[in-house]
Amino acid sequence: MTSTTETSQRRHARSGRIRGRAWIAASYVIAALVAMPVLALLWQASRGSAGLWSHLAAHVLPHAISQTVTLLLGVGVLVALIGTTSAWLVTAYDFPGRRMLEWALLLPLAVPTYIIAYAYLDLLHPLGPVQGAVRAVLGYDSPRQFRLPDIRSMAGAILLLSFVLYPYVYLPVRAMFQTQAANLIEAARTLGTSRSAIFRQVALPLARPAIAVGVSLALMETLNDIGASEFLGVRTLTISIYTTWVTRSDLPGAAQISLAMLIMVVLLVSLERWARRRQRYAANAQRDRSFAPQQLTGRWALLALLLGATPVLLGFLVPGGYLAVEAWKRFHFAGLSESLFTEARNTFLLSAIATIAVLASGLAVAYAARAFPRRGLLIAQRVATLGYAMPGTVLALGILIWVAGLDRFIDQSAREFLGRSTGLLLIGSGVALGYAYLARFLAISVGSIEAGFSRIPLSYDHAARTLGQGVSGSMWRVHLPLSRGAVAAAGLLVFVDCMKELSATLLLRPLNFETLATHLYGEAARGTYEDAAMAALAIVLVGLLPVILLARSGPSRRDSV
Amino acid sequence: MTRPHSLTAALLGSAMLMTTAGAALAADELNLYTSREPGLVEPLLKSFTESTGIKVNTVFLKDGLAERVEAEGDSSPADVLMAVDVGNMADLVDKGLTQPIESDVLEANVPEELRDPDNNWFALSTRARVVYAAKDLDIDSITYEDLADPKWKGRLCIRSGQHPYNTGLFSAFLTHHDEAETEAWLTGMRDNLARKAGGGDRDGAKDILGGICDIAVANSYYVGRMRSGDGGEEQKAWGDAIKVLLPTFENGGTHVNISGAAVAKHAPHKEEAVQLLEYLVSDEAQKIYAEANYEHPVKPGAPLDPLVADFGELKVDSTPLTEIVKHRKQASELVDKVGFDN
């Protein structure tokens with residue numbers, strides 16, 4: 001009897017060790033997968049590019065850097081402001097329409113930045129409805145007599161990007177206010193602190209890591225954007241990389257600029273981490289009631305509703321409504337293209353599969369670093385997030401270079417040993433594309449899941465282990481259930497990002513495989529925007545699915561999101 | 001909740017699911033890699049398949065066509081490489097990704113100045129870089145040099161100076177003028193801009209109707225498509241608001257660029273690939289090019305679409321395309337230097 005128990009315990013311990021090693025190995029493999037394209041680029045960059053930097057330094061960088069910094073500062077400040085205010089508004093106050101706003105504020109996530117730029121350029125064009133109405137009111141009949149300032153400007157770019165990217169801040173900050181801030185806020189309230197003082201002295205400092213995570217995601221999206229900046233005439237560093245590569249056929253040069261940019265981003269992110277190194281945020285992870293929101297009435301309620309509805313209006317309803325109208329017009333003119341359904345299915349399936357892979361990998365990396373906090377795994381965790389800090393096109397090139405090499409090796413080996421060609425297994429099957437999504441968006445899942453884990457006190461880990469759970473057991477029974485909300489939020493962000501992704505999809509997809517984004521791009525490149533409107537609307541619609549799904553699961557379970 | 005190994009299984013399963021999208025290496029098929037927008041080549045490919053029974057698998061790669069084919073090496077399924085700019089065609093040859101083609105049909109149908117000297121690539125259609133002018137503007141002709149004239153201050157619209165259509169034109173300018181003159185010309189044009197350089201070629205016409213500018217530099221075929229009404233009433237209004245001027249260099253003709261195609265070096269279906277190229281320069285396909293795309297056909301004597309013929313007689317600049325291509329990098333650097341897009 002006793003010996004049986006001992007054997008089983010020993011077996012248990014051994015399998016626990018193996019499980020533990022599996023977590024560590026998985027983490028290193030995933031980090032290596034993300035590092036490979038970066039190494040491939042490093043190799044490209046080392047192939048030299050004579051005279052590039054003197055040209056860049058003299059004629060490109062001064063302008064590109066100042067444009068990039070202005071854009072990032074502007075977007076950073078605005079998304080933090082809009083995201084945090086709206087999150088506080090829907091958690092601290094109650095007013096008619098609040099429940100709807102709570103999820104509606106997520107809607108702009110479904111709108112890719114290049115679509116919002118294209119929609120607003122049309123809407124605000126002298127020939128568009130807005131200026132048309134203004135002229136009618138003022139009694140002018142030709143745009144030559146009166147027109148408003150051009151949206152194609154730095155200010156225009158900052159505004160437009162901020163109103164689609166603020167949900168990256170709203171999502172984690174609201175979660176922070178709802179769960180862990182709640183106890184402290186209640187305590188502060190019992191001590192008689194006023195609501196605005198609670199916001200400044202309790203909620204805001206607590207929300208800082210969530211704001212930092214959200215802002216950095218939004219800024220990475222801004223940095224990666226080519227479509228919107230190009231449309232709006234903002235010449236960022238990313239566009240310089242693009243020009244160096246495409247117009248001057250200088251891939252090594254483009255690789256050099258993007259690696260320089262990557263180093264800058266990594267330094268900035270590390271600086272931010274270093275600045276809040278002494279702060280610990282783990283609190284009581286129990287689910288308990290959030291603090292009661294304050295009821296607003298009369299004009300205060302109206303004001304709150306207006307304030308909360310503005311981001312939804314500008315970031316979603318206006319561009320979405322515009323697309324719906326344009327798509328409707330086109331539908332009457334040319335009917336519905338059948339390929340649109342295939343493309344919508346491709347987009348949905350590809351994004352769903354990639355999201356599962358990205359979430360699973362994110363869990364592995366974040367959990368390994370928590371369960372075995374050794375230097376190597378912490379570094380692996382940082383490496384796994386590199387892909388998001390590079391422009392999508394450049395990362396895709398890095399992947400192309402080495403995956404195609406692997407593909408050729410497989411093909412040649414097969415020809416040599418089996419006497420038949422396998423063709424391009426990884427690129428031809430779309431695996432390369434899925435890999436690109438993984439490398440690019442892993443940062444989102446690692447970041448969110450890590451933040452979710454950080455709210456679980458370490459004592460829980462110890463308790464679980466003392467109670468006989470292995471490393472993996474604690475993860476499935478303790479960590480995952482307690483950070484389900486963070487995982488769901490990460491899943492939403494990754495899904496919509498995969499769906500909107502364009503540069504890697506264009507470069508790495510197999511023959512005869514179109515997604516909504518590539519379709520839209522093809523039409524836009526050809527200048528046939530009217531056909532693009534339907535694909536754009538379809539992107540928004542497909543993107544709505546996960547947003548609604550997440551929103552529905554939201555109110556009933558407070559820790560979700 | 002799923003366990004780690006079932007997650008791995010899910011990953012593998014998803015990878016296999018996606019293989020259905022891969023294209024086979026079967027006979028009666030060929031694989032086309034193109035940087036030409038899918039909507040533009042589809043009618044041609046459809047007609048090709050109908051007349052030959054050969055199925056065409058395509059992938060549209062806007063940028064990175066050469067990089068992808070190069071990376072795929074001798075395992076690449078690519079048979080035909082199609083691009084929209086002579087610079088892109090030259091890149092493919094420079095990287096050794098094409099092969100010379102001996103074909104009487106191609107040599108007979110594509111004039112010498114519109115193909116690679118070693119027959120690595122062949123032009124399929126040409127597009128002129130023209131000037132759109134507001135309908136009521138008192139002007140009938142213009143030179144490219146005139147675009148820098150201060151009388152156009154605040155009246156000129158153009159897309160990004162780094163776009164291949166523009167670097168192509170600026171390279172051509174460099175074959176007629178020296179670097180200093182070109183820089184001065186670019187500076188002059190920059191000072192004449194009515195708005196930031198950007199957007200697409202059609203925006204030129206739209207912005208003229210919207211009162212933002214009086215003249216715009218753009219490609220010829222967009223006018224055909226706008227005026228045909230295929231894009232709806234709004235675009236017809238843009239197309240009707242302008243007149244097309246065929247500009248020339250002071251001592252030359254109108255700058256044209258090409259769309260072209262080449263057979264990939266490791267093409268698994270070389271025979272079918274040559275067949276497609278020959279088809280694309282046949283009377284039938286050239287007619288489709290003219291009608292569906294409103295471009296100028298390459299085959300001498302092929303009919304123009306009436307909408308295009310309406311622009312007037314095109315006097316193509318005699319500088320060989322291969323000469324123009326050599327100045328691309330210089331042109332692109334000058335664009336940066338004068339801050340054309342800033």
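Predicted model: local features only at pLDDT ≥ 70, side-chain atom pairs only at ≥ 80, totals over all residues.
Local features need pLDDT of at least 70 and side-chain atom pairs count only at pLDDT 80 or more, while totals for chains, interfaces and linings use all residues; side-chain values use heavy atoms, without hydrogens and water. Residues are numbered from 1 along each chain as its sequence is written, and chains are lettered from A in the order in which they are written.

**View 1. The interface of chain A and chain B by contact and area.** Here 69 residues of chain A are in contact (heavy atoms within 4.5 Å) with 76 residues of chain B. The buried area, meaning the accessible area (1.4 Å probe) that two parts lose on being put together, summed over both, is about 6,300 Å² for this pair of chains, with 56% given by carbon and sulfur atoms. On the side of chain A, the most area is lost to chain B by W476(A), L511(A) and R526(A), together 12% of what that side buries.

**View 2. Salt bridges and polar contacts between chain A and chain B.** Five salt bridges (a side-chain nitrogen of Lys or Arg within 4 Å of a carboxyl oxygen of Asp or Glu) are found across the interface. One of them pairs R152(A) with D207(B), whose closest N and O atoms are 3.4 Å apart. Polar contacts (a pair of N or O atoms within 3.5 Å, one able to donate a hydrogen and the other to accept it; residues adjacent in sequence count only if both atoms are side-chain atoms) join 22 residue pairs, both at pLDDT 80 or more.

**View 3. Domain 1 and domain 2 of chain B.** By an automatic or database domain assignment, domain 1 covers 6–126 + 256–303 and domain 2 covers 128–254 + 316–337. Their C-alpha centres lie 28 Å apart. In contact are 19 residues of domain 1 and 14 residues of domain 2. The area buried between these domains is about 1,500 Å², of which carbon and sulfur atoms give 65%. V86(B), V256(B) and Y294(B) lose the most area on the side of domain 1, together 40% of what that side buries.

**View 4. The salt bridge of D91(B) and R328(B).** Between domain 1 and domain 2 of chain B the rule finds one salt bridge. The side chains of D91(B) and R328(B) meet in a salt bridge at 3.5 Å, N to O. Three residue pairs are in polar contact between the two domains.
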